[in-house]
Amino acid sequence: MTSENTLDDEDTFKILIATDIHLGYLEKDAVRGNDTFNTFDEILKCAKENQVDFILLGGDLFHENKPSRRCLHSCISLLRKYCMGDTPILFDVLSDQAVNFSNSKFPWVNYQDENLNISIPVFSVHGNHDDPTGADGLCALDLLSSAGLVNHFGRSQSVERIEISPVLLQKGSTKLALYGIGSIPDERLYRMFVNNQVTMLRPKEDQDQWFNLFTIHQNRSKHGATNYIPEQFLDDFLDLVVWGHEHECLINPSRNEQRLFYVTQPGSSVATSLSPGEAVKKHIGLLRVKGRKMNLQKIPLHTVRQFFIQDLVLSEHPDLFNPDMPKVNQRVEAFCQEKVEAMIEEAERDRLGKPLTPEKPLIRLRVDYSGGFEAFNATRFSQKFVEQVANPKDVVHFIRQKEYKAKVKGEEDVDFGQLLSHSSTEGLRVEDLVKEYFQTAEKTVQLSLLTEQGMGKAVQEYVDKEEKDAIEELIRYQLEKTQRHLQQRGVLTEEEIDQEIRRFRESKKNTAEEDEEVQVALNRAKAHRIERGEDLDLSDEHDVSMDSDEDSAPPPPTRGRGRGGRGRGQTTARRGRGAAEPKPAGRARSRKASVATPTQGRNIMDAFQAPPQRPSRGAVAAKSYTDEITIDDDDSDDVSFVKPASRLTPASRPTPESRPTQRRGSQSQSQSYRGVTFDDDDDEEDFDPFKGSSRSGRR
């Protein structure tokens, strides 16, 4: 029996995994306008050629919250071309689909719709770029869901508790529990994890027979104290986590030694910022799951535009130039030109034999001119390469090491150019800049009523989603609320009023009440927009701006949506501690009645009462495994699953009764085996994160 027959039998799930496709990025650019659509075409074509069971997308399918007509048209055309047809679907959905797709007008998986012919189902969570917004809380994925092209899952609506109910799938004897959670503001989700307000449900019966796959779209790397989600927050019963939002391709699964699951980070399929992480070769993954074993094959993308980046520190070349030399700028510029030309030549050599790769590469030279050097005209320099590169406006980027101390005496003394410099803003978002400004400013320019986080979120909405009334409504709402508080407290003197306002403001920092205030203000702003007839606009008339996390210096940088932008996740589904209820395969057409929760007519503090405490995350029972792991770096070689020492009994369908996961410390679990094999198809060095044939438990 060949390896292919062994892998792709009736019990094996084949899943194509991709994240952060960012359709529509720079779609009006004459050179790069079609890049995202060409790569999406390649991804879907790869899925069809490999005859996958379904496609799993990890968020940010679209780059804009309100994609243009051209972008939506191209996306729908490609999905119809590759994902519709008569090919039979070989797996069943066992869970209650009315729960899994409760936000859809058609709460069942699209391939079971009698009006559609679906050959490759697509399951996707939303990201921070295409998250739900507007009065109805809709996003672009909801349009595709209503059209029957995408199964949008993992959406939450509650800000006080998140309960993740899996989509339970079965193919032959293999059972797959697909968990997902769309983008939520990192600080809020971090706080909810800490307060034990996030629950992942599990089937009550045959728990050890399910392969648990989780898709998340959050910051993985630490951008602040609470502006990311540590892997340790996730449940230890998971087998594989597909991490979206981070654009660097780290698709080889890495093992978390504390929770004993694996994490794969496919990265983006297009470079949306000229940073080192985007220069890593782009891949998608072909995941095979059989029983409790998995095999992940990484597949390189050939239609991605080449990107080369180098750093140049002028002070490290004293033999070539120093600030006191005559005409030192001309020498520096000539040296930089040599570096850029060398990168262009390298790109040409690398492109040989790759007809699908775009002709013009992306080139970025970052020049550190600290130590007394001066920056030359970057725009004039970049124009020398108009016919050779895809980004002629920002080939060179000047940076300077952080050399200033924030000591401002008033608003008129704040150097916004310095505050927005590359050294302090790479990877930051608008709200981070607002927070940094108020941290460096003196008391005379500090906020009196609003918190820095609240103001930052309002500014973020204004910049990213054009909520013109967001800041005004936030101020108005906070003013009304503060006035009511002062009247209730009965303060009279000016000094008492100032003290009480400060106390009232500090009491709300980093609390759920702060999120509630921003949400109320945004709802008001959206209501005003709808009254003016300015609701969802899908026209092509708005400009598309360059999305880069670096901006040319020395001119002041331009703000834009970078990859580090956080998801606004304005709605997240309320959950109780119910259970995921597997049901026999079939269409679940019953709909949940949507419950509207007005924010203005209720007591905010009552809405955020502390939930019952769960057991501590610290004391986790050890898991034992018997692993056989092989890593094959050659695509063409056969890779087969290793037969486990003890075979599981044939899986029976779970009963409707099921239960939520017992959290850390309260549940002793053991899994009979977990196998992992990988295929490397390029010339990279051998990657062996799982060296050794056994795991004895938690370190």
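**Figure 1. Contacts of Val 167 in the predicted model.** Apart from neighbours within four places in sequence, Val 167 is in contact with Val 93, Ser 95, Asn 100, Phe 123, Phe 153, Leu 176, Ala 177 and Leu 178. Val 167 belongs to strand E7, which comprises residues 167–171. With a relative accessible area of 1%, Val 167 is buried, because the limit for a buried residue is under 20%. Leu 94 lies 73 residues away from Val 167 along the chain, yet the C-alpha atoms of these two residues are separated by 7.7 Å.

**Figure 2. An edge-to-face aromatic pair formed by Phe 91 and Tyr 111.** The search of the whole structure finds 17 aromatic pairs. In the pair shown, the ring centres of Phe 91 and Tyr 111 are 5.4 Å apart, with 70° between the planes; this counts as edge-to-face because the angle is over 60 degrees. The two residues are 20 residues apart and link distant parts of the chain. Phe 91 is in the loop between helix H3 (69–83) and strand E3 (92–93), whereas Tyr 111 is in the loop between helix H4 (97–100) and strand E4 (122–124). Phe 91 and Tyr 111 are buried.

**Figure 3. A tilted aromatic pair formed by Tyr 190 and Tyr 228.** The rings of Tyr 190 and Tyr 228 are 6.1 Å apart, centre to centre, and their planes make an angle of 45°. This pair, too, links distant parts of the chain, its members being 38 residues apart. Tyr 190 lies in helix H6 (residues 186–194), and Tyr 228 in the loop between strand E10 (210–217) and strand E11 (240–244). Tyr 190 and Tyr 228 are both buried.

**Figure 4. A cluster of aromatic rings.** Phe 13, Phe 54, Phe 91, Tyr 111, Phe 123 and Phe 153 are linked into a cluster by ring pairs. Among these residues, Phe 123 and Phe 153 are also in contact with Val 167.

**Figure 5. Arg 220 and the ring of Trp 243.** The charged end of Arg 220 sits over the Trp 243 ring, at 5.8 Å from the ring centre.

**Figure 6. Buried and exposed residues of helix H14.** Helix H14 has 14 residues (494–507); at 1.5 Å a residue it should span 20 Å, which agrees with the 20 Å between its end C-alpha atoms. Glu 500, Ile 501, Phe 504 and Arg 505 are the buried residues shown in H14. They cover an arc of only 135° around the axis, and therefore lie on the same side of H14. Glu 495 and Arg 502, on the other side of H14, are exposed.

Technical notes: Residues numbered from 1 in each chain as written. Predicted model: local features only at pLDDT ≥ 70, side-chain atom pairs only at ≥ 80, totals over all residues. Heavy atoms only, no water. Helix = DSSP H or I, 4+ residues; strand = E, 2+ residues; numbered from the N terminus. Buried < 20%, exposed > 50% of the residue type's maximum accessible area, 1.4 Å probe, protein only. Contact = heavy atoms within 4.5 Å. Expected span 1.5 Å × (residues − 1). Arc of directions from axis to C-beta. Phe/Tyr/Trp six-rings, centres within 6.5 Å; stacked < 30°, edge-to-face > 60°. Lys NZ or Arg CZ within 6 Å of the ring centre and 35° of its normal.
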